[in-house]
Amino acid sequence: MTAIKPYGDATDDGLIQASFTLPIAESERARQAALEFARKMDLGRPQVVHMKAMGPDFTFFIVYGATQHSVDPDELEVPEREFPVLSYQEVNRVLRESLKRQLVVVGACTGTDAHTVGLDAILSMKGFAGDHGLEYFPEMRVLNLGSQVEPADIVETVRANGADAVLVSQVVTQRDAHLVHLKEVRDSLVDAGLRNGLILVGGGPRFSAEQAAELGYDKIFGRGTRPSEVASYLAYAATTRALNAG
Amino acid sequence: MKTSHEFTRPIGRLQIDRASVAECRSLASEISKPIEELARTQTTVSIERACLRFAGVDGVEGEGVEAVPIPNRVVDEVKETIGLERGVMIPFFHAVEQTGDVQRAAESIAAHELAPSWPAGDDYERAVAAATRAGESSVATIAAANDNRGRAIDRVGEASKPWLYLIVATGNIHEDIPQAQAAARAGADVIAVIRSTGQSLLDYVPYGATTDGFAGTFATQENFRLMRAALDEVGEELGRYIRLTNYASGLCMPEIAAMAAMERLDMMLNDCMYGIIFRDINMQRTFIDQHFSRMVHSLAGIVINTGEDNYLTTADAVAGAHSVLASQFLNERLALSAGLPEEQQGLGHAFEIDPDVPNQVALEIAHAQLIRECFPNAPLKYMPPTKHMTGNIFRGFLTDGMFNLVGALTGQDIILLGMMTEGIHTPFLSDRDLAIENANYVFGGSIALAGELRFEPDGDVERRANQVLEETRQMLAKVADIGMFAAIEAGMFADTVRTRTGGKGLSGVVVRSEDYVNPVTDLLSERLGVN
């Protein structure tokens with residue numbers, strides 16, 4: 001494949017749209033500032049198609065322009081999903097055959113986050129987007145600790161129940177609190193000597209998969225993840241771990 | 001907001017089973033009786049602290065995040081030494097008689113310089129008299145909030161309905177203020193300052209102006225005062241009174257209600273069950289606290305906002321529609337039994353049906369109109385879509401427009417503006433501005449329809465409304481059958497199991513003894529006709 005550019009209504013026209021606010025009162029000078037800003041973003045032939053005052057000190061713009069850049073998709077390094085997405089029956093079968101017991105999963109929202117919507121979407125019977133949650137899988141035992149759980153309580157639950165996997169969810173965040181809270185859980189598990197042999201998974205709308213290494217997690221799931229993906233990953237990880245253990 | 005037509009609440013447009021509505025009310029009344037009994041016979045640490053705050057106890061002991069409010073210190077000392085069964089007011093005003101000053105008495109108790117004691121003889125009589133004077137002055141303070149609001153509205157002008165409700169949530173009160181003022185200038189009539197995540201589980205109210213909240217700003221009395229002053233200022237400029245909203249929920253519900261009255265807030269989120277179900281706060285604590293806080297809200301002229309929208313963020317909005325209506329009947333009953341009139345009951349609901357469901361807009365109209373018909377005098381609060389907002393901001397903007405349309409057609413009083421970037425980031429300045437533009441267009445273009453809309457007898461909308469009503473009646477009958485506490489223990493609300501002695505805050509619940517004295521609650525009850 002060769003390099004490609006955005007497609008507006010003709011091949012390689014490179015047309016894109018952007019909207020942004022500048023901290024300046026609406027005026028001809030403000031319009032020129034927006035155009036110059038677009039040019040500095042390497043947009044050729046920029047047009048301000050909409051300019052609106054938002055109070056005395058701000059102006060909102062919608063801008064179109066033609067980008068000069070192009071991308072060759074074949075040259076990109078794309079992380080491939082290392083595990084196959086399995087059906088409900090396959091997940092149960094894989095777990096049954098590899099573990100010969102239930103997979104014990106502990107889930108929690110940590111820190112100040114009281115929003116369990118993401119955790120519940122993945123864990124609860126009801127599930128999300130037509131997928132049943134992990135509680136629905138007979139080969140899993142799910143302990144949903146709910147919101148504002150202290151890392152020490154996660155450690156204790158893991159120890160008391162011989163958990164195989166820990167799922168940590170963070171929905172609401174500010175100033176990177178979600179990263180801090182995830183690291184706290186990992187550190188507590190490391191300190192307790194439980195990190196090895198545990199499948200440690202983080203998730204939430206502000207995360208991306210590439211953050212796993214930086215956070216010391218086995219897997220990070222981002223926005224729009226379905227329960228079946230998490231279930232498939234756990235089945236895959238449990239299998240590979242069982243193989244590693246001999 | 002400004003529209004060319006007078007706002008109307010369309011009533012009598014659906015033929016719904018009125019006998020069933022009456023039965024729902026009578027079931028709600030039956031269900032609420034044990035809760036009313038609980039509120040009559042028990043108190044909580046937060047109610048006692050709220051009464052001290054009304055009496056003028058202020059300040060903190062210690063510094064920074066470790067600082068403990070003096071009202072907490074006094075109530076804890078009384079609880080640990082002579083017990084809280086008789087209330088904090090008498091031992092506290094006995095201490096005031098000894099030290100000659102409210103704040104000095106509080107600080108002396110906090111510093112262990114003065115041990116709380118229960119006075120006898122003339123000392124007791126003097127303490128009762130002082131506590132009664134404090135109670136009278138507390139009630140006068142609460143009532144003054146309503147009078148002062150009325151005067152402010154007379155002076156600057158009233159916002160016409162529907163009221164556009166916008167949220168700010170920077171975490172820093174000094175950032176919130178310019179954002180709130182910008183939102184008011186752009187067209188918002190109500191500003192809600194979202195609280196810092198986790199504040200509901202703090203058993204004390206943070207102190208002073210704060211700049212370090214997570215995904216929201218701490219509710220403190222100083223933050224309330226600063227924002228109220230800022231909105232009064234921008235209201236003068238705009239010629240319409242801008243309402244301020246915060247959250248009387250969580251473990252400090254009564255104290256936050258007290259602070260709201262003292263600082264003339266206008267609306268408070270205040271649900272009879274939200275804390276139990278969604279925050280795992282002990283059910284007894286919540287039920288007792290909500291009763292006290294609703295008495296305060298009533299006299300202060302504060303409109304409560306109930307939290308039924310939360311039922312639809314966890315359950316399917318079609319299958320769970322009746323849980324919203326059932327909760328509204330319960331919120332209505334528990335508000336009335338705390339003396340809070342229908343005109344101050346901002347019952348909540350939400351536009352949360354999946355847009356891919358066939359007839360989604362018709363179903364939303366059926367639900368919204370049914371609620372309008374059931375609660376003709378309530379200033380209903382309508383919440384925008386959140387659950388089915390994808391990253392497609394263009395579709396989200398359209399969904400928000402449909403939400404506004406349904407709000408206009410069914411005469412919803414308070415419109416929480418939907419953000420097309422819901423779930424992506426905290427709203428940009430431009431997201432709020434576009435949301436107001438959306439609402440101004442849709443309401444401006446369709447508000448007159450509310451007065452003219454009629455529904456086909458036995459058509460889809462009417463049949464759906466009656467189906468939800470019937471499911472509501474059945475749910476309330478089931479709850480009445482086993483009792484409210486057992487129903488919550490059985491997970492009948494939002495599929496969440498909560499036990500009577502589980503959850504946070506039970507240790508702060510105290511059974512009143514026969515010699516319990518609290519002139520604040522007595523005078524409030526008397527004034528509001530609550531028994």
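These legends accompany close-up views of a predicted model. Residues are numbered from 1 along each chain as its sequence is written, and chains are lettered from A in the order in which they are written. Local features need pLDDT of at least 70, side-chain atom pairs count only at pLDDT 80 or more, totals for chains, interfaces and linings use all residues, and side-chain values use heavy atoms, with hydrogens and water left out.

**View 1. The largest nonpolar core has 161 residues.** Such a core is a set of buried Ala, Val, Leu, Ile, Met, Phe, Trp, Tyr and Cys residues joined through side-chain atoms within 4.5 Å; buried means under 20% relative accessible area, with a 1.4 Å probe and protein chains only. Among the residues with the most contacts inside this core are Phe92(B), Met273(B) and Leu524(B). At least three residues come from each of domain 1 (43–137) and domain 2 (160–247) of chain B, with bounds from an automatic or database domain assignment. Look around Leu524(B) to find its contacts Val139(B), Ile142(B), Phe292(B), Met295(B), Val296(B) and Leu299(B), leaving aside neighbours within four places in sequence; contact means heavy atoms within 4.5 Å.

**View 2. Strand 5 (residues 190–193) of chain B pairs with strand 4 and strand 6 of chain B.** Strands here are DSSP runs of E with at least two residues, helices are runs of H or I with at least four, both numbered from the N terminus, and two strands pair if DSSP finds at least two bridges between them. Strand 4 (residues 163–168) of chain B runs parallel to strand 5 over four bridges, with Leu166(B) opposite Ile191(B).

**View 3. Arg53(B) sits in helix 2 (residues 45–55) of chain B.** Arg53(B) counts as buried because its relative accessibility is 9%. Beyond residues up to four places away in sequence, Arg53(B) touches several others, including Pro69(B), Gln221(B), Glu255(B) and Met262(B).

**View 4. Three strands of chain A form an open, antiparallel sheet in the order 1-3-2.** Strand 1 (15–22) and strand 2 (43–54) of chain A each have a single partner strand, so one side of each is left without a neighbour in the sheet. Eight bridges join strand 1 to strand 3 (residues 58–67) of chain A, where Phe20(A) stands opposite Phe61(A).

Notes
Buried means under 20% relative accessible area, exposed over 50%, partly exposed in between (1.4 Å probe, protein chains only).
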